[in-house]
Amino acid sequence: MKKISLLFLSFFTVSFAICAEIKTESTQEIIEIIHRVNNYWQTNNPKHGDSFWHRAAYHTGNMEAYFLTREPEYLKFSQAWAEHNEWKGAKSDNKEEWKYTYGERDNYVLFGDFQICFQVYADLYNIDPAEYKIARAREVMEYQMSTDFNGYWWWSDGLYMVMPVMTKLYKITGNQQYLDKLYEYYCYADSVMYDTQAGLFYRDAKYVYPEHKTVNGKKDFWARGDGWVLAGFAKALADLPEIDPHRDFYISRFKAMAKAVVDAQQPEGYWTRSMLDPEFAPGPETSGTAFFTYGLLWGINNGLLDKSEYSQIIDKAWTYLTTVALQPDGKVGYVQPIGEKAIPGQIEDADSQADFGVGAYLLAACEMVRYIISEK
């Protein structure tokens with residue numbers, strides 16, 4: 001009996017060691033993917049452009065890659081980009097001309113696509129605090145919060161662009177107004193874009209059903225738009241205090257979205273551009289898929305989603321991201337170009353890449369590493 005017990009113990013010990021080795025190798029493999037993807041992007045895009053949303057979205061992923069790997073070159077890249085843009089979004093100093101609607105000029109200071117950069121600046125501040133890094137962010141956001149208007153987040157993307165800005169600046173400053181206005185602005189967005197039946201967000205008010213439909217008469221939920229929202233919830237909840245009175249409300253929305261997202265996944269692991277009408281614009285789309293993967297992984301890793309319920313979804317999504325979207329040289333393909341909707345006939349292939357797609361991919365990959373580590 002003793003020999004059998006010793007034999008069993010030996011077998012168990014060897015099996016455990018093998019499993020641990022496999023998980024370690026899997027983690028290292030994903031970290032290698034992170035480096036391959038990020039080095040490819042930075043090598044091929046060395047010039048620092050402006051602070052508009054698509055570049056800033058890349059840097060939110062780059063900063064996450066830095067936090068995970070501590071690769072100094074990643075930190076230097078975002079630091080140089082912030083310095084290039086003078087730690088600002090849109091640069092106008094004349095508050096009387098500041099606008100919040102869509103625009104790419106320097107007077108669209110209150111437009112969320114020019115505010116996502118403040119997430120990156122806040123991260124850089126937390127690494128090495130210096131007031132100048134967040135001075136413009138505070139000036140803009142605190143001016144905005146001083147107004148009575150609450151309709152600043154009128155499109156779904158804006159929830160990723162700015163919700164995390166509010167929680168990050170709250171965490172730095174302790175100013176309760178950031179959390180109060182977060183709820184106020186979110187409630188407006190919720191009222192104009194959220195479909196309670198579907199558990200998803202329309203891209204903006206002009207896509208609300210039944211006034212707008214796909215060519216097949218279905219509700220039209222744009223994958224990247226809902227990807228922005230799910231990822232925005234994750235990033236905002238990460239810094240939201242446990243005692244915030246609205247935390248449970250945000251979590252309930254996050255969980256409802258997660259369930260709806262899962263129901264729309266395609267058998268191959270990706271999400272189509274029009275989530276509930278795959279025939280409208282068929283084929284894979286990487287940016288939405290990566291944001292969904294990140295959001296679902298974050299929910300599991302932080303105890304909000306049941307791993308047993310979502311693990312197969314994650315496995316399929318990750319298989320797509322690593323065997324189809326990822327190219328051997330580190331290029332991330334099948335990313336829908338800048339836009340706001342599913343477009344029938346629009347071609348995405350292995351060479352379809354974009355900065356925001358890389359950012360989303362890095363977020364998902366970093367969260368995948370944490371997911372594997374948590375299983376040990």
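Predicted model: local features only at pLDDT ≥ 70, side-chain atom pairs only at ≥ 80, totals over all residues.
The partner is Arg370, with the closest N and O atoms 2.9 Å apart. This pair joins distant parts of the chain, as Arg370 belongs to helix α12 and Glu64 to helix α2, 306 residues apart. The two partners also fall into separate accessibility classes. Glu64 has a relative accessible area of 15% and is therefore buried, the limit being under 20%. Arg370, in turn, has a relative accessible area of 26% and is partly exposed.

In general, side chains of opposite charge can pair when their charged atoms come close. The count for the model comes to 27 salt bridges. One of them joins Asp50 to Arg55, where the closest N and O atoms are 2.6 Å apart. Here Asp50 is partly exposed, with a relative accessible area of 37%, and Arg55 is likewise partly exposed, at 28% relative accessibility. A further salt bridge, at 3.1 Å from N to O, brings together the side chains of Arg136 and Glu139. Both residues sit in helix α5, 3 residues apart, or about one turn of the helix. Arg136 counts as buried at 5% relative accessibility, whereas Glu139 is partly exposed, with a relative accessible area of 32%. Salt bridges also link Asp157, Arg203, Asp204, Lys206 and Glu340 into a network.

With a relative accessibility of 2%, Lys133 counts as buried. Setting aside residues up to four places away in sequence, Lys133 touches Gln79, Trp87, Tyr121, Leu124, Tyr125 and Asp128.

Attention can now turn to helix α9, which runs over residues 247-263. Its 17 residues reach 25 Å from the first C-alpha to the last, close to the 24 Å expected at 1.5 Å a residue. The buried residues of α9 are Arg247, Tyr250, Ile251, Arg253, Phe254, Met257, Ala258, Ala260, Val261 and Val262. Their cover includes the helices α7 (177-193), α8, α10 and α11 (307-325), together with the strands β1 (194-195) and β2 (200-201).

Strand β1 can be examined through Tyr194, which lies within it. At 12% relative accessibility, Tyr194 counts as buried. Beyond its neighbours within four places in sequence, Tyr194 is in contact with Ala189, Gly199, Leu200, Phe201, Arg253 and Ala256. Among these contacts, Arg253 is itself one of the buried residues of α9. Tyr194 and Ser156 are separated by 38 residues in sequence, and their C-alpha atoms are 9.2 Å apart in space.

Some backbone details complete the picture. Most residues other than glycine have a negative phi, and most peptide bonds are trans. Against that background, the peptide bond from Tyr209 to Pro210 is cis, with omega near 5°. Pro210 is placed in the loop between β2 and α8. Positive phi values in residues other than glycine occur at Arg70, where phi is near 60°, and at Tyr334, where phi is also near 60°. Arg70 is found in the loop between α2 and α3 (72-84), and Tyr334 in the loop between α11 and α12.

Note on methods: Residues numbered from 1 in each chain as written. Heavy atoms only, no water. Buried < 20%, exposed > 50% of the residue type's maximum accessible area, 1.4 Å probe, protein only. Contact = heavy atoms within 4.5 Å. Helix = DSSP H or I, 4+ residues; strand = E, 2+ residues; numbered from the N terminus. Expected span 1.5 Å × (residues − 1). Salt bridge = Lys/Arg side-chain N within 4 Å of Asp/Glu carboxyl O.
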